[in-house]
Amino acid sequence: GLVPEHLGSRLSEMLQAPWPQIAALCLMVSIGAAVSRKEQLKGRWKRWFMLGMLIFLLLCVTGLNVFLSYVFRGIDNTMVERDAKGLYTALWNTGVALVIA
């Protein structure tokens, strides 16, 4: 398919690590600091919002690159195995992935 079979177990392992909680805590502290200093940020909210959107889009593009690398690896694997039927399936999966992306 589009997603490797071991990806689910790998994601659950990553979520059990302390790093997602630490990142969420840092995000909450940052939001709290911005809200507590809203008078000093008056007139500059648009700039900070645009910076936040830019960082969010950067993370989205990075996620898409990882997703597409898995899809293209499927094409490479089927070509190495010389599996014609699997190659056509992988090409259809690639088309679907590119439409989603």
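First, the ground rules. The model is predicted, so local features need pLDDT of at least 70 and side-chain atom pairs count only at pLDDT 80 or more, while totals for chains, interfaces and linings use all residues. Residues are numbered from 1 along each chain as its sequence is written, and side-chain values use heavy atoms, with hydrogens and water left out.

Let me start with the pocket. Rolling a probe the size of a water molecule over the atoms shows where empty space is left. A pocket here is an open set of points on a 1 Å grid over the protein atoms alone, where a 1.4 Å probe fits, with protein on both sides within 12 Å along at least five of seven lines. Lining residues have an atom within 4 Å of a point. The volume is the space filled by probe spheres set on the points, which are joined across faces, edges and corners.

How much space lies in the largest pocket? About 470 Å³. Helices α2 (19-36) and α3 (45-81) each supply at least two residues of its lining, and the largest share, 7 residues, comes from α3. Helices are DSSP runs of H or I, at least four residues, numbered from the N terminus. The lining includes Leu27, Ile31, Trp45, Trp48, Phe49 and Ile55. By type, it divides into 10 nonpolar, 2 polar and no charged residues. Ala, Val, Leu, Ile, Met, Phe, Trp, Tyr, Cys and Pro count as nonpolar, Asp, Glu, Lys and Arg as charged, and the others, Gly among them, as polar.

Now Ile55, which is in helix α3. At 45% relative accessibility, Ile55 is partly exposed; buried means under 20%, exposed over 50%, and partly exposed in between, with a 1.4 Å probe and protein chains only. Ile55 also belongs to a nonpolar surface patch of about 540 Å², together with Trp48, Leu51, Leu54 and Leu59.

Next, the loops. Lys42 lies between α2 and α3 and is exposed, at 62%. Its C-alpha atom is 29 Å from that of Cys60, 18 residues apart along the chain.

Which residue has a positive phi although it is not a glycine? Arg82, at about 55°. Most residues other than glycine have a negative phi. Arg82 sits in the loop between α3 and α4 (84-100) and is exposed, at 77%.

Last, Val96 is in helix α4 and is partly exposed, at 41%.

Technical notes: Patches are made of residues with over 30% relative accessible area and no salt bridge: like charges are joined within 9 Å, nonpolar side chains (Val, Leu, Ile, Met, Phe, Trp, Tyr) within 5 Å. Accessible areas come from the Shrake-Rupley method with a 1.4 Å probe; for residues, only the protein chains shown count as cover. A salt bridge is a side-chain nitrogen of Lys or Arg within 4 Å of a carboxyl oxygen of Asp or Glu.
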